[in-house]
Amino acid sequence: MATEGDMAEMEYSTERRHCRKGLLQNDELYKYLLDTSVYPRESELLKEIRDVTADHPMAYVGTAPDAGQLMAMLMKTVNAKKTIEIGVFTGYSLLLTALSLPDDGKIMAIDINRKTYEIGLPIIRKAGVEHKIEFMESAALPILDKLLEHKNNEGCFDFAFVDADKNNYLSYHKRLMKLVKVGGFIVYDNTLWGGTVALSDPSLAPEEKRPYLKFIVEFNKTLAVDPCIEISQVPVGDGMTICKRIE
């Protein structure tokens, strides 16, 4: 019979196989971080989504639980009530957002693939938060542009999370800076791209990282000099850039 320690090690092994470990080079240190500060506070429902996602061939694109913990704190800090999410996958970050918002909170969730969203949907329903979510199966740019056709949508969102096609991050940013209110947050995932952004020679990046690398490097440079935001680029997950709109 497996001991409690064996079960914990099995869970960590699954985490190592299927999820991003963040940018920490020491697996034991990352395990310590998760076991000490993240997993004890993680909702059982979020753990369920991690579990049902674990065997998906693209499980690695899911939001890292330590990154999710930081996002939840940010949303609660600004008392977020209306949010937008670009890139949903199986819904870990979406459920986390729904659990962080008040009962009358609303999330506009945009993804081109409803099938992956439906993997986590039964758990979202089990959590009793589906009523907060408006899922839209679509590319994001047309929806953002449609929103901006109406002046009353400017500054109507408290928080935005982007984890989608990296080549469009700059295009998303330009639009979200109009849709998110002054004092609100926009959070971008994968902005350190497995550490490849620091390579002096992009050709040294793993082949699967190369197509988007130049877009992320350019995006990071643009945010660094944007006078309309305060930023913090945090090495959780695959790198997360937190932007606070200040004007």
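Reader: What radius of gyration does the protein have, and what would a compact globule with 247 residues have?
Author: This is a predicted model, where local features need pLDDT of at least 70, side-chain atom pairs count only at pLDDT 80 or more, and totals for chains, interfaces and linings use all residues. Residues are numbered from 1 along each chain as its sequence is written, and side-chain values use heavy atoms, with hydrogens and water left out. The globule rule is 2.2 Å times the number of residues to the power 0.38, and the radius of gyration is taken over C-alpha atoms. For 247 residues a compact globule would come out near 18 Å, and the protein agrees, at 18 Å.

Reader: How many helices and strands are there in the protein?
Author: Both are DSSP runs numbered from the N terminus: helices are H or I with at least four residues, strands are E with at least two. On that basis the protein has nine helices and seven strands.

Reader: What share of the 247 residues is buried?
Author: Buried means under 20% relative accessible area, exposed is over 50%, and partly exposed is in between, using a 1.4 Å probe and protein chains only. Of the 247 residues in the protein, the buried ones make up 48%.

Reader: How many aromatic pairs does the count come to?
Author: Rings of Phe, Tyr and Trp (its six-membered ring) pair if their centres lie within 6.5 Å; planes under 30 degrees apart are stacked, over 60 edge-to-face, and the rest tilted. By this rule the count comes to five.

Reader: Why is the pair of Y117 and F135 stacked, and which parts does the pair tie together?
Author: The ring centres of Y117 and F135 are 4.1 Å apart and the planes sit at 0°, so the pair counts as stacked. Both Y117 and F135 are buried. Y117 lies in helix α6 (residues 114–126) and F135 in strand β3 (residues 133–137), so the pair ties together parts 18 residues apart in sequence: helix α6 and strand β3.

Reader: Which residues do ring pairs link into a cluster with Y169?
Author: Y169 and Y188 form a tilted pair, 5.5 Å centre to centre with 45° between the planes. Y169 belongs to helix α8 (residues 169–179) and Y188 to strand β5 (residues 180–189), so this pair ties together parts 19 residues apart in sequence. Y169 is buried at 1% relative accessible area, and Y188 is buried at 0%. Ring pairs link Y169 into a cluster with Y188 and F219.

Reader: Which lysine lies over the face of W193?
Author: A charge sits over a ring if NZ of Lys or CZ of Arg is within 6 Å of the ring centre and within 35 degrees of the ring normal. K82 lies over the face of F157, 5.1 Å from the ring centre. Over the face of W193, at 4.2 Å from the ring centre, lies K209.

Reader: How many disulfides does the structure hold?
Author: A disulfide is a pair of cysteine sulfur atoms within 2.5 Å. The closest cysteine sulfur to that of C228 is in C243, at 11 Å, too far for a bond. C228 is partly exposed at 23% relative accessible area, whereas C243 is buried at 1%. The number of disulfides is zero.

Reader: Which residues is A160 in contact with, leaving aside its neighbours within four places in sequence?
Author: A160 is found in strand β4 (residues 157–162) and is buried, with a relative accessible area of 0%. Contact means heavy atoms within 4.5 Å. With those neighbours set aside, A160 is in contact with I84, L176, V180, F185, I186 and V187.
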